[in-house]
Amino acid sequence: MVSIESPEQIRVLYRIASPFSRLLALIVDVALIYTAIYLAVILLGIFNIIHMAAGKNPLRALAGGSVLSSLSVFFIMVLDFVMQWFYFIFFEIFLNGRTPGKIIFGLRVISYSGKPLDATSVILRNFIRVFDQQASLYLGAFFSIILNKDFRRIGDLVAGTIVINEEKGGFKMPDFSLLALEKEISAGEKILGRKLGENELFVIRNFINNLDKISPEKRSDLADKLAEKIHENLQDEDEYTDSLGYIQKIYNSHKDY
Amino acid sequence: MEGMTKSERFVEERKDYWCRLEAIIKKAHNGRVSSLSGEEIRDFPDLYRHVCTDSELAKTLELSPDTVDYIMGLVRFSHNILYSPPKKTINDIIRFFTSDFSISFRKNIKPIAFVFTMFFSIALITFITILRNPEYASNVLPENLITMMKQSYSGDISKKRDVYSNIEMSGFYIRNNISIGFMSFVLGITFGAGTIIIVCYNALTLGAVFGLVVSSGYGKNLFAFVTAHSAFELMGLCLTAGAGLAMGLSLIHGNSRGRAIALSEKARELTPVLFTGALSILLAAFIEGFLSPTKAPYWIKLSVALSSLALIVFFSLKYIIFKPPVKILKGDDDEE
């Protein structure tokens, strides 16, 4: 996790993207770049052949001298150049820090300072990419990522950015309802000297709500262990017989504090 | 509120506006803030500020982990939407290539001037050496390039090329030359060494080709070809490589906040120089593709070269000639 401080001075925790998922995203993006280039080559090639077959002077076309074929060569040269230098920049600017590969693996580039991700940052991180990857045979990126605690490559350091993992499936508002047990326990019966923290209550809530996922043999076993732990933590002197009932009684007694 | 734990009560009290914020986030998730209604846009910053407070409260009150996670999720997504990059207008782009460029140029004039001097002195020395001893050319240029150069400049280049190959060649020049320019910037990250190597290599090649072709007696054809685009192309390379060297130097010198920060700030400051350089090389590629190989009289080519030179000098020194508008001077610039 990395803590980014927003301009409101709220420390927002983000999950740092794993280098492996970033590599996979890179592979997808590079595959898309080459697919686009080769698709253009093939389509223009077919188009040229059709044009040549239907054309008035095929000989001239064969010698490489038609406006269409020259424009095709021009277009592919420029496409190759643009794809190599501006593919990532284009998507990261217009998709707010994401490329198609990053979307697939749930990654996003954000600014390390908590400010908006501006075009200059995107341009710098993707220009230095050429050094990180091709020019240094991926050694620049490799050593930078393993030496940096936030897995930032040199381009990220220069641009002041970081790649994070976005939660998939959106958010879930906490659900406090408790699964009804067979025996109804009246609420707030017991007033205790000490009480459990919200973390412990969360554990209890999770345990009770997931009882049906635990096999029946283990259910009472785990309930005994949990009840014992709670009993110990609260320094409760009263004895109990039914572990599950005890757990729920304790939980209910924490309401209205 | 009866029968609730602390966390539950906290959630219950704020449920309504969290749901509202959640709906806005879902709508605007892919950065399409424009899909929000006016009312939603009006309420969004308020809601964001509320969840910011809630997130700190939840942490202080030590609420249950799922509550804290949920609120932090709301903060994260809203933060991403609220702080998506501002839209650039055409004026921003014009300012980038004029005022921003000339300020950045002025701040980094030393490395740019160094690259300029180095490039032309190496090219000149190589040119003179090879002019006197043409056999040295094989030390600098590969054998096949020597025969190719002699062949291609032995006649008037405008007779060899038709409009079709001009189109193709300008595509090639765009890809090749701008890539070299960008590379000379990027490799500045190797403490400037990569940039110096690119500049030296190109200066050596240029000097050697000139020396070789002139010594073979075809100098007139060569000059007829290169004059028009020379200013834009060489200036462009000097700008991008100068930016790369400035970046390398900032890594060597560092500043009070360390090398990494110094590099990061310098790189940010240099982007106008880099892209003006690239634009200059792009223009050169079109001139090289469509004017240089034509039969146009030499004075036209020369005047294109001179006017492009004048244009570069004007924009480089615009900062000195006209004082820039005050708003361009950002508060966090600590140099000069």
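A: Buried residues account for 43% of the 336 residues in chain B. The model is predicted.

Q: What secondary structure does chain B have, and how many helices and strands are there?

A: Begin with the count, then follow the order. Chain B has 13 helices and 0 strands.

Q: Why is chain B described as more spread out than a compact globule?

A: The radius of gyration is set against the value from the globule rule. For 336 residues the rule gives 20 Å, whereas chain B has 29 Å, well over that value, so chain B is more spread out than a compact globule. Along the principal axes, the C-alpha atoms of chain B fill a box of roughly 100 × 45 × 45 Å.

Q: Among contacts in chain B between residues at least 6 apart in sequence, what percentage join residues at least 24 apart?

A: The figure is 81%.

Q: How many residues of chain A and chain B are in contact?

A: The size of an interface is often given as the accessible area lost when the parts come together. Here residues are counted instead: 54 of chain A are in contact with 55 of chain B.

Q: Which elements of chain A supply at least two residues each to the side that touches chain B?

A: They are strand 2 (11-16), helix 3 (67-94), helix 5 (119-135), helix 7 (154-159) and helix 8 (198-209). Helix 3 of chain A gives the most, with 10 residues.

Q: How do the residues on that side of chain A divide into nonpolar, polar and charged?

A: The side of chain A that touches chain B has 34 nonpolar, 11 polar and 9 charged residues.

How values were computed:
Residues numbered from 1 in each chain as written. Chains lettered and ligands numbered in written order. Predicted model: local features only at pLDDT ≥ 70, side-chain atom pairs only at ≥ 80, totals over all residues. Contact = placed C-beta atoms within 7 Å. Helix = DSSP H or I, 4+ residues; strand = E, 2+ residues; numbered from the N terminus. Nonpolar A, V, L, I, M, F, W, Y, C, P; charged D, E, K, R; others polar. Rg over C-alpha atoms; globule rule 2.2 N^0.38 Å. Buried ≥ 20, exposed ≤ 12 C-beta atoms within 10 Å, placed from the backbone.
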